[in-house]
Each structure stands twice: as C-alpha cells, then as structure tokens.
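Here are a few notes to go with the model you asked me to look over.

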Amino acid sequence: MNAVDVNTVVDVILIGTLAAVWLSAGLLVDGMPAAVTARQLRRRAGLLSALVGAGVAVFAAILLVAALVPGVSAAPAAALLPGVPALIVLTATLRRLGWVRRGAGAFAAAPLTPVPPALRAAAAHPLLSAPLQITGVAALVGLPIAAGLVDVPGGAATGMLGIAVTVIVVTVAGIGIRAALRHSRLAPLVLAPIGRRDRERAPAGAR
C-alpha cells in the first residue's frame, strides 16, 4: 500500500468519525423536546454538549493529522463544508443549549418534574437543532471528497458535485423548515397558561 492509499484511508477514517459524531448529535437534539422529565432533559443536554466537544476535537485532529502525515490530505477540504455550520453551533447553539441545561438543572430538587412548556419549546428552537443536523449531513457529504471520488474538475466529477450541492441545499432547507414548524407548534403552549390565568382573573363583565 503506497502513501496515497494510506492518506486516503486516514482521510476517510477522520471524516467518517466526524460524520458519526455530528450525526449522533443531530439525532440526540431531535429527541430533546420529547424528554419527559427535567432530569432526562438535563442528561440529554449534557450528553449533547459532550458530543459537540468531541466534534470540535475531531476537527482539530483533522488539522493536526494533515500537518503531521506526509503527502497530500483531502480531509481538510472535506471538513470545510461541515465547518461552516459548526461555527454556528459554537457561536449560537451552545449558548442556547446552556440555557436549556441550566433551566432543567433548576429542577434538581425535583428531578421527576415534567418538562415545562417553555423549556420544551427552547429545546426545539431551530438555532439549537438545525445547525447540529446540518453539520452532520455536511460531514457525511464530505466522505466522497475524503475518499478521492470528487477531486477532478470537469466531466462526471463536476456532475456529481452539482448533484451533491443540490441534495445539500434541499436537505438544509428541509431541516430548517422542519425545525421552524416544530418550534412554532410548541411555542404557543408557553403563552397558553398565561392567557388562561388572565381570563380567569378578568371580571365577569369584561370583554
């Protein structure tokens, strides 16, 4: 096995690991709003934070291995695509995840308390779920680049790249729309109890 083959194997392993970690995070965040108790929500938020940390560590490992291993590595190029949504995860998603984790932690004295509607809606926010899921999909699309299947301009490679970009755009749009619809379905539940109390306090003759 020559150096090119070794580099390709290493690249595929690195990008495959990156995809596995971020796809796992995307699946976990999808189940966050379905948590039954505050303790369960806090546990999922903690595990999700650990997965994000592992995903960032894989990004760092890709750069380190590319610098240390002789020869040309395709892993950094393959990691560019998921790197963009990963930046959104680090700048926006982690902050919202911290809010959810601290909110669930407020029920530490009563961990079996059902998840309040506000926390459930926060766990379903598009900025929490969509960037993680998009990062996983983008890392999965990077596997053909790491394997050297999409590296020659023109001809079939260009056609394959165009199809891949189209699939990515459609998938990203689908993820964003689904996340927005899910959040919009849960958000009114936060205001419903307030509206009900206001109606109960209103005088009988008030309109």
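1. Where does Pro70 lie? You'll find Pro70 in the loop between α2 and α3. Keep in mind as you look that this is a predicted model. Is Pro70 buried or exposed? Pro70 has a relative accessible area of 65%, and it counts as exposed because that value is over 50%.

2. Now the chain as a whole. Of its 207 residues, 32% count as buried. Take the contacts between residues at least 6 apart in sequence: 82% of them join residues at least 24 apart.

3. Pro70 also has a partner from elsewhere in the sequence. Asn7 and Pro70 are 63 residues apart along the chain, yet 8.3 Å separates their C-alpha atoms. Both residues turn up again in the lining of the second largest cavity.

4. Next, the largest pocket, with a volume of about 230 Å³. Which residues are the closest to its centre? Out of 13 lining residues, they are Phe59, Leu63, Ala79, Leu80 and Gly83. Two or more lining residues come from each of α2 and α3, with α3 giving the most, at eight residues. Sorted by class, the lining of the largest pocket has 12 nonpolar residues, one polar residue and no charged ones.

5. While you're on α3, have a look at Thr93. Thr93 sits in this helix, which covers residues 75-105. Is Thr93 buried or exposed? The relative accessible area of Thr93 is 1%, and Thr93 counts as buried because that is under 20%.

6. What does Thr93 touch? Leaving out residues up to four places away in sequence, Thr93 touches Ile88, Leu127, Leu128, Pro131 and Leu132. With Leu127 there is a polar pairing too: the backbone oxygen of Leu127 lies 2.6 Å from a polar atom of the Thr93 side chain.

7. Last, the record. An unreviewed UniProt entry places the feature "transmembrane region" at residues 12-35, 47-69, 75-94, 127-150 and 156-177. How does the model look over two of these spans? Residues 47-69 are 96% helix and 0% strand, and their end C-alpha atoms lie 32 Å apart. For residues 75-94 the figures are 100% helix and 0% strand, with 25 Å between the end C-alpha atoms.

Notes
Residues are numbered from 1 along each chain as its sequence is written. This is a predicted model: local features need pLDDT of at least 70, side-chain atom pairs count only at pLDDT 80 or more; totals for chains, interfaces and linings use all residues. Side-chain values use heavy atoms; hydrogens and water are left out. Helices (H or I, at least four residues) and strands (E, at least two) are DSSP runs, numbered from the N terminus. Buried means under 20% relative accessible area, exposed over 50%, partly exposed in between (1.4 Å probe, protein chains only). A polar contact is a pair of N or O atoms within 3.5 Å; within protein, one must be able to donate a hydrogen and the other to accept it, and residues adjacent in sequence count only if both atoms are side-chain atoms. Contact means heavy atoms within 4.5 Å. UniProt positions are given in the numbering used here, feature names are shortened, and annotations may be inferred rather than shown by experiment. On a 1 Å grid over the protein atoms alone, a cavity is a set of points where a 1.4 Å probe fits but cannot get out, and a pocket is an open set with protein on both sides within 12 Å along at least five of seven lines; lining residues have an atom within 4 Å of a point. Grid points are joined across faces, edges and corners, and a volume is the space filled by probe spheres set on the points. Ala, Val, Leu, Ile, Met, Phe, Trp, Tyr, Cys and Pro count as nonpolar, Asp, Glu, Lys and Arg as charged, and the others, Gly among them, as polar.
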